[in-house]
Each structure stands twice: as C-alpha cells, then as structure tokens.
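Good morning, everyone. Please take a look at the chain on the screen, and keep it in view while I talk.

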Amino acid sequence: MRQPLRSTRWSLSVALAALVAGLVTLPPPATGAGERAAPRDERAPQLRVRTVVRGLQHPWDVQQGPGGRLLVSERDRARLSVVRKGKRRTLADLSTQVWVSGETGLLSIAVDAGSRTLWACHGASTRRGTEVRVTRWRVDPRWRRLSQPRLVVGDFPATSGRHGGCRLLLDRDSDALFVGTGDAAVGTNPRSLDSLGGKVLRVHRRTGAPMPGNPFADASGARPLVWTYGHRNVQGLAQRDDGTLWSVEHGSDRDDEVNLLVPGGDYGWNPVPGYDETVPMTDQSLPGQQQEAAWSSGTPTIATSGAAWVRGSQWGPLEGTLAVAALKGSAVLFLRFDAAGRLTSVTRPPRLQRLGRLRSVTAARDGDLLLTTDNGARDRVVRVSPR
Ligand SMILES: [Ca+2]
Ligand SMILES: [Ca+2]
C-alpha cells in the first residue's frame, strides 16, 4: 500500500530532522503498518448499493431496531428517525435538548432492541457551560416515541464544538457501553487521565458507573471510566469476532488511524503547548509506551470515521475485513488484519467512491453494510450488499 510508505518516509524525515536539531533522542523503531511489507489489494466482489432513505441532513449514525426498523440520527437537526419500508418517521425531535455547534450535535446512537433502550451521544448546555454526554431513553413497543430520559455519563469537554467525537458501542460480552470521545481541540485533554476527552471510556450501559476491571479504577487523579487515552477524535468503534475492540480516529494533517485497543493503552496524541497539531499522531517520545496504529493513512488524510467488521461468506475476499468510512476520502476502505492485528490487505471498491462523504458504516444482521452520507443536503442512508 502506498500511504504507509509515505508515512514511513515522513517519520524518517522528521526523526532525521530532530536528530540534526538535537532536540529529541531517536524514538524506538516504529512497529506500525509502514514498516511492514506492502499489503496486497484484494479483489472486491461486485457490490449492490440501494438507497434506504433520502432527504436527510448530516445523518451521523444508523443502527438496527426490531422488525426491519432502522434508527437514524441527524447531527444538526438533532432529529432521531425510524425508517421502515422506505418510510421515515420522526421518533424524537431533540433540538431543544441538544447543543449543536460545528462538529457537535446529535452524534452516535446505540440500540438494544430487547430492552427497547436507545442511547445517544450529543452536545448539551448545562448551567456550567456546554459538554458532550450520553443519554438513554426507553422506546415504546411500536417504536414511535421516547420516554424516561436518563443521563448515563456526561462532562465530556466541549469548546467550539470542534472534535466533539463521539461514538458509542454496546459490548457484545458484558453490560459495558464503550464511548469514544474527542479532545475538544484542547491540547492537554488526551493525555490527562482526569479528563474524559480524547478517550475511549468503558461504562455500565444503564448506571453509567465504571465497569469492573477498568484499568485506572484505583489510580489517584484518574477518571475510573477511562479505558484508553491519547486519542485525538474517536469517530469509530468496532468489535471483532474475537472480542477485540478497534477505534478509528481523525488524524491532524496526517495519519488518520485505526487502533487495536488494549486496556490502559496510550495512543500517543499530546498536542501541547496550546493545541500544537504539528506533533505526531502517535508520539513515541512521550514517557512510557505508546501504541502504534494498526493502520494509518499517511499524507494526505482521508478523514476516516465509522467502522464495522464485515461478516458473511457472501462477501468473499472481504469477509472478516474492517470496513472504514471516509469523509474527505469519499470511500470505504476494507482493511484486513491478521489475528495479531497486523495489516495484510487494503481494498477500496470503486462502487463506493461515488456516494460523496461517508460518516458511518454499520453491519446489519444479514451481513449487509449500512452507510450514512455526509454531504450536508440530500443525504441518505444506503444499504450495500455483495451481488
Ligand atoms: Ca495514535
Ligand atoms: Ca515513549
């Protein structure tokens, strides 16, 4: 693949420049994707793309409900919709409850059809200012209205609305809800364990309490909800069949990242002083060990966002890959990683490069992929299936 090679050249040039300048010691050898043999391109199957619903504006997330229903969030309108048989119905207009600014508004949603519970991550105004938070509701048996709102977890930092995150994922194996947050464009947030920004959090999906076994539960000055830290703006979370958790985040002017998350892991984003975006996305010169990205875009970035693992033999050579949506790149990348998390192939089907900016990708129960476009007007949800 070309991008990691560019990334390697960039890393080498920066390392050499730093050595010449005598500013830093040489970092340990990189173990990221760029060091490895170029992964091969897989041949993509023929893909069928069908519009599920149109007439949306900045839809952020799409999730499956029961009985063929899809739940869709729109960021700026702060509107939750149910789509069934091609018809959209407003489940809730949250515009009086959601703070909308820049990249922040009504963001990711999670759905548990069995308990008729819906979670949403969104901006909110409080007496103390603005924040990003997770609220949950009960849904009535016909999926027509929400009730019983409960704050699950809040106090994620928000500034202008830039880098507001925020991605939700219900753990397959426990009562945990994983929450990927943005750094709110404040340089000290990602590395501060006392901030919920620039993190992946692991919280109890109903109570919002820290889950047992969280890595910083007993550390002084640390928030016990923190699972991993040192992230810039987590836009995607996906759980592989082996239970491992993966994040997708936006790079600065380089290096969008896909990361394999390990509890307590430091993902190396520390843009200080101020908000110094010239620092590397994974800065090995920081104290301790930083986790290298499993995949990075190099330069230019493509603004990777949502991601889902591809399941089902109908996908042929793409079965078992991680499908990653790209906004700026207007594409879906299918990344294959081996059991150890090493990148082995990258596929970018041309059919999925004609939809414009793509925010989210969700795996439907039948194996199809659901995509949300993010072109601002006339947005839609599409269903992608192999022919
Ligand atoms: Ca990183
Ligand atoms: Ca280090």
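Let's start with one strand pair. Strand 15 (residues 245-249) and strand 16 are antiparallel partners, paired over five bridges. Two terms, quickly. Strands here are DSSP runs of E, at least two residues long, and helices are runs of H or I, at least four residues long; both are numbered from the N terminus. Two strands pair if DSSP finds at least two bridges between them. In this pair, tryptophan 246 has leucine 260 in strand 16 as its bridge partner.

Before going on, a word on what you are seeing. This is a predicted model, in which local features need pLDDT of at least 70 and side-chain atom pairs count only at pLDDT 80 or more, while totals for chains, interfaces and linings use all residues. Residues are numbered from 1 along each chain as its sequence is written, and chains are lettered from A and ligands numbered from 1 in the order in which they are written.

How confident is the predictor? pLDDT is its confidence in each residue, from 0 to 100. The chain has a mean pLDDT of 91, and 89% of its residues reach 70 or more. Residues 1-37 have pLDDT below 50, and beyond near neighbours in sequence this stretch makes 46 contacts in the model. A contact means two C-beta atoms, placed from the backbone, within 7 Å. Where pLDDT is low, the predicted coordinates should not be read in detail.

Now the overall picture. The chain holds one helix and 24 strands. Of its 387 residues, 51% count as buried. Buried means that 20 or more other C-beta atoms lie within 10 Å of the residue's own; exposed means 12 or fewer, and partly exposed is in between, with C-beta atoms placed from the backbone. Take the contacts between residues at least 6 apart in sequence: 59% of them join residues at least 24 apart.

The loop between strand 16 (257-261) and strand 17 (295-296) is worth a stop. Proline 273 is in it. The peptide bond joining valine 272 to proline 273 is cis, with omega about 0 degrees. Serine 285 sits in the loop between strand 16 and strand 17 too. Serine 285 is partly exposed, because 17 other C-beta atoms lie within 10 Å. Glycine 268 is 17 residues from serine 285 in sequence, and their C-alpha atoms are 8.9 Å apart.

Next loop along. Proline 300 lies between strand 17 and strand 18 (304-309). The bond from threonine 299 to proline 300 is also a cis peptide, omega near 0 degrees.

Alanine 307 faces valine 324 in strand 19. Four bridges also join strand 20 (residues 331-337) to strand 21 (residues 343-347), again antiparallel. Leucine 335 stands opposite valine 346 in strand 21. Strand 20 and strand 21 make a hairpin with five residues between them, and glycine 341 in the turn has a positive phi of about 95 degrees.

Histidine 58 lies in the loop between strand 1 (47-56) and strand 2 (59-64). Histidine 58 counts as buried because it has 22 C-beta neighbours inside 10 Å. Arginine 116 is another, at about 50 degrees. Arginine 116 belongs to the loop between strand 6 (106-112) and strand 7 (117-126). With 17 other C-beta atoms within 10 Å, arginine 116 is partly exposed.

Key. pLDDT is the predictor's confidence in each residue, from 0 to 100.
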